Amino acid sequence: MAETAVVTPDTMQTAQWTKKDLLGLRELSAVEIRLLLATAESFREISLRPIKKVPALRGKTVVNLFFEPSTRTRTSFELAAKRLSADILNISVASSSVTKGETILDTVKNLEALKVDIIVIRHAAAGVPQMIARHANASVINAGDGAHEHPTQALLDLLTIQEKKGRLEGLQVTILGDIAHSRVARSNIWGLTKLGARVTVCGPPTLLPVHIEQLGVGVTYDVREAIRTADVVMLLRIQHERQEAALVPSLREYRLRYGIDRDRLKLAKPDVLIMHPGPINRGVELDSNVADGPHSVILDQVTNGVAVRMAALFLVAGASNKPNGGEPE
Ligand code: CP
C-alpha cells in the first residue's frame with residue numbers, strides 16, 4: 001500500500017495488518033498507522049465498561065521484558081493484555097538469569113520454549129527489539145529502545161491529538177526539550193509527518209541533533225516563537241540517563257529559558273494542547289500549574305495508552321476477531 005494512500009472508511013475496512021512485529025513508526029505507512037489508530041479507537045470503550053474484558057486474545061501469552069524502568073508503558077501493556085484476555089508474564093530483569101550472564105537472545109529463546117506469543121521489550125540499546133524480532137518466531141513489540149523509537153508512545157500521542165482536535169492533518173506541533181536523547185520525539189516525528197501534521201523541534205542547541213531538519217521538521221531555538229505558533233506543545237524531560245556529559249548549564253537555567261509556566265503559556269493559542277509522555281520533572285520543563293491546568297491532556301495520553309497497546313497486541317497477534325466484537329466474559 002502506498003504511503004500517500006488516502007484512508008476512507010471504505011479502504012479502512014480492507015486495510016490489512018501484515019507485520020509480525022511493531023518496531024517503529026519509521027517503517028510503517030500512513031495507512032498502517034491509521035489502521036492502528038482506528039483499531040485503538042474501537043478498543044477505547046472496552047475500558048469504560050463495568051467488566052473491562054473481551055476474549056479477543058484468549059489463549060495467547062504476552063511477556064513484558066523490560067530492561068529499563070517504566071511505570072506507564074509496562075502497566076498499560078499488562079492492562080491491555082488482560083483486557084483482551086491474554087495471559088501476561090512480567091519478567092523482572094533484575095531477578096532473572098540475565099544477571100548471571102545469560103544473553104538476551106538466550107532469554108528470548110527460553111521464553112519461546114515456554115510458548116509465548118508476543119514479547120514486549122524495552123532496552124537501553126537502540127536496535128535490540130529489531131535484533132530479537134529477526135531471531136524470534138514470536139511477535140515483538142518495541143516498548144522503547146535507547147534514543148531510537150517508542151512507537152506505542154507516539155501512537156497514543158497521535159490518538160490523543162486526534163481525539164482532542166478532531167484531526168492531525170495541518171496541525172502545527174512543537175516538540176520542546178531534549179530531542180537528541182528522545183525516542184518519543186523520533187517516533188512522533190515519523191508519525192505526525194506521515195499523517196500530515198507540521199512539526200517544529202525546539203530546545204537548546206546541545207539537545208537538538210545535527211541535521212534533524214532532514215526528517216522534515218522545522219528547527220528553532222526561540223521558545224516564544226515555538227509556543228506562539230503551536231496547536232500542540234509536546235514537552236520532553238532532559239534524559240540524564242542517556243547523556244554522557246552535562247549538556248545544559250543547570251536545571252534552573254533550562255527552566256528559565258525553555259520551561260513552560262503560566263506566564264509563558266499566555267503566549268500560546270487559547271486552545272493549545274499541552275502534552276508530556278511522562279515522567280514529568282515538575283518545575284523543570286513544566287510547572288505544576290500548567291501540567292495540571294486546563295490545557296493539559298497528559299492523563300488523557302495515559303488513558304489512551306491502554307487502547308493503543310490493545311490495538312498493537314491485537315494486530316501483531318493476527319487475531320481474526322473483530323476488535324470490538326467480543327462480549328464481556
Ligand atoms: N512514557 C513512558 O514511556 O513512560 P514510562 O517510562 O513510565 O513507561
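Analyst: Let's start with a term: helices (H or I, at least four residues) and strands (E, at least two) are DSSP runs, numbered from the N terminus. This is a predicted model, in which local features need pLDDT of at least 70, side-chain atom pairs count only at pLDDT 80 or more, and totals for chains, interfaces and linings use all residues. Residues are numbered from 1 along each chain as its sequence is written, and side-chain values use heavy atoms, leaving out hydrogens and water.

The protein has 12 helices and nine strands. Of its 329 residues, 55% are buried, meaning under 20% relative accessible area with a 1.4 Å probe, protein chains only.

Now to your pocket. A pocket is an open set of points on a 1 Å grid over the protein atoms alone, where a 1.4 Å probe fits, with protein on both sides within 12 Å along at least five of seven lines; lining residues have an atom within 4 Å of a point. The second largest pocket holds about 410 Å³ of space, a volume filled by probe spheres set on the points. Its lining has 21 residues, and Arg122, Arg183, Arg237, Gly278 and Pro279 are the closest to its centre. Helices α3 (72-83) and α7 (183-194) each give two or more residues to this lining. By class, the lining has seven charged, nine polar and five nonpolar residues; Asp, Glu, Lys and Arg count as charged, Ala, Val, Leu, Ile, Met, Phe, Trp, Tyr, Cys and Pro as nonpolar, and the others, Gly among them, as polar.

Conventions. Buried means under 20% relative accessible area, exposed over 50%, partly exposed in between (1.4 Å probe, protein chains only).
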